[in-house]
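Subject: Predicted model for your review

Dear colleague,

I am passing on the model we spoke about, with notes on what came out of the analysis. Please read the notes alongside the coordinates.

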Amino acid sequence: MNAFGVAVRVSVSINIPSITMTIENYYLLLLSLCCTLVIAQLFVKEKKAAHLLFALVCGSIALATTKKLTQDSLNGYQYLIGMGACVTCNGFWLLARALFREKYAILKRHIVFAIAIAALVVWRQGYLFIDSQLHMNASGFVEWLNIATYELTLLLSSSVLMLAFWEGCRGFSQSQGQEKAQRVLFLSAYFICVAGTKLVENRFADNREVQEWAVTSAAILIILTAQVLLYWRFSSQRTITSVRCVESNGTTQTEDDIALQQKVEHFLIDQKGFLKEGLKVADLAQQFNEPEYKISRVIRQNLKARNFSQLVNELRVEHAKVLLQDPAKQHWPVLVVGLESGFASVGPFTRAFKIATGTTPNQFRKQNSETQVLRSTRVSGS
């Protein structure tokens, strides 16, 4: 009994270190998460506009977090860091459009509006930096302009946040299956973040640190949700495309697929669009206002090509074969033939030509010349 009491007293007297999560540590967690997600986008093979926008948003949040971490040590220079944190609300709005719209997701006017908000943020942070260094006594007009800029930035930021929420609501009733589940996830996380931060702001109006905890938690939740949606939405599109390609062997094509096939054939073959250097699926998707996965699906199951690059290279090689066989162009170097056929350089041209024909362009030209000589000899001999 005495031994047990001694053991209890010893255990109580031992000072066990405890790990406490301060707001600074929480900022570091958010900063690390943002940097990790930005790097993760580099490893996405089939990048969409949404991946680029997500990287910009994460990078902007990382800079905003860095500004908070350094605000007591940089003597005003943290505002220069804050100038880079100008793609948060506006960037997330564009990201929401890219996630939930297949056609006309991001147009020029949307980009201009987002840039205008970013410019206001940069102006505000630049003004604060100059003021922190020069301690200037701003005139009435400059002070009024600074306040007006701040209020306008808040108004526009709140507006684009509402527009981002609307993107999840838009078309909700018509959506089914995975798409509806994705919208539910987005709207739920969004509502929790906005409602939660507002509730904390009202409940703890005098406690700035608690408010910062709430805002940081909301940022972590929303970027994790966006990353899940990026993977879920675009990986499911690739899966659906591949499954349809496998199942479409001998099945009836939809009218939309047939119409899209005709558009692709008209552009690539009739208009010789394959001669355009650096041609990508994205170029056709933009021209036809169709998502890239539909273009790829039509190329695979309707035009029976492995992928877009194979189809374009086959058309270019056929065009090059005509040029190589043309007697009037025998003086053309192989490089010129490749460039005239849409290839960027002689290396890709030679590789694609050999894959398609089994010979290099020079060998093909030589064999064709020898064949023509033999034919002319036989004709003259007869």
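Before the rest, some words on conventions. This is a predicted model, in which local features need pLDDT of at least 70 and side-chain atom pairs count only at pLDDT 80 or more, while totals for chains, interfaces and linings use all residues. Residues are numbered from 1 along each chain as its sequence is written, and side-chain values use heavy atoms, with hydrogens and water left out.

Overall fold

The secondary structure of the protein chain comes to 16 helices and 0 strands, where helices (H or I, at least four residues) and strands (E, at least two) are DSSP runs numbered from the N terminus. Of its 382 residues, 38% count as buried, a term that stands for under 20% relative accessible area, with exposed meaning over 50% and partly exposed the range in between (1.4 Å probe, protein chains only). Among the contacts (heavy atoms within 4.5 Å) with a separation of 6 or more, 67% are between residues 24 or more positions apart.

Helix 7

Helix 7 covers residues 140–169, and its 30 residues should span 44 Å at 1.5 Å a residue, which agrees with the 44 Å between its end C-alpha atoms; the expected span is 1.5 Å times one less than the number of residues. Its buried residues are Asn 146, Thr 149, Thr 153, Leu 156, Ser 157, Val 160, Ala 164, Glu 167 and Gly 168. As background to reading that list, an α-helix has 3.6 residues a turn, so residues three or four places apart point the same way. What covers these buried residues includes helix 5, helix 6 and helix 8.

The second largest pocket

This pocket has a volume of about 980 Å³. On a 1 Å grid over the protein atoms alone, a pocket is an open set of points where a 1.4 Å probe fits, with protein on both sides within 12 Å along at least five of seven lines, and lining residues have an atom within 4 Å of a point. Grid points are joined across faces, edges and corners, and the volume is the space filled by probe spheres set on the points. The lining consists of 35 residues, of which Ala 49, Ala 98, Glu 102, Ala 105 and Ile 106 lie nearest the centre. Helix 3, helix 5, helix 6, helix 9, helix 11 and helix 12 each supply at least two lining residues. By class there are 22 nonpolar, 5 polar and 8 charged residues, with Ala, Val, Leu, Ile, Met, Phe, Trp, Tyr, Cys and Pro taken as nonpolar, Asp, Glu, Lys and Arg as charged, and the others, Gly among them, as polar.

Aromatic pairs

The structure holds 13 aromatic pairs. Phe 343 and Phe 349 form one that is tilted, at 5.2 Å centre to centre and 40° between the planes. Rings of Phe, Tyr and Trp (its six-membered ring) pair if their centres lie within 6.5 Å, and planes under 30 degrees apart count as stacked, over 60 as edge-to-face and the rest as tilted. Phe 343 counts as buried at 3% relative accessibility, and Phe 349 is buried as well, at 0%. Phe 349 is found in helix 15 (residues 346–357) and, not counting residues up to four places away in sequence, touches Ala 320, Val 334, Val 337, Gly 338, Phe 343 and Pro 361. Elsewhere, ring pairs link Phe 92, Phe 100, Phe 165, Phe 186 and Tyr 190 into a cluster.

Two loop asparagines and a helix residue

Asn 75 has a positive phi of about 55° although it is not a glycine; this residue lies in the loop between helix 3 and helix 4 and is exposed, with a relative accessible area of 64%. Asn 289 likewise has a positive phi of about 55°, but its loop is the one between helix 11 and helix 12, and at 33% relative accessible area Asn 289 is partly exposed.

Glu 340, in helix 14 (residues 334–340), is partly exposed at 44%.
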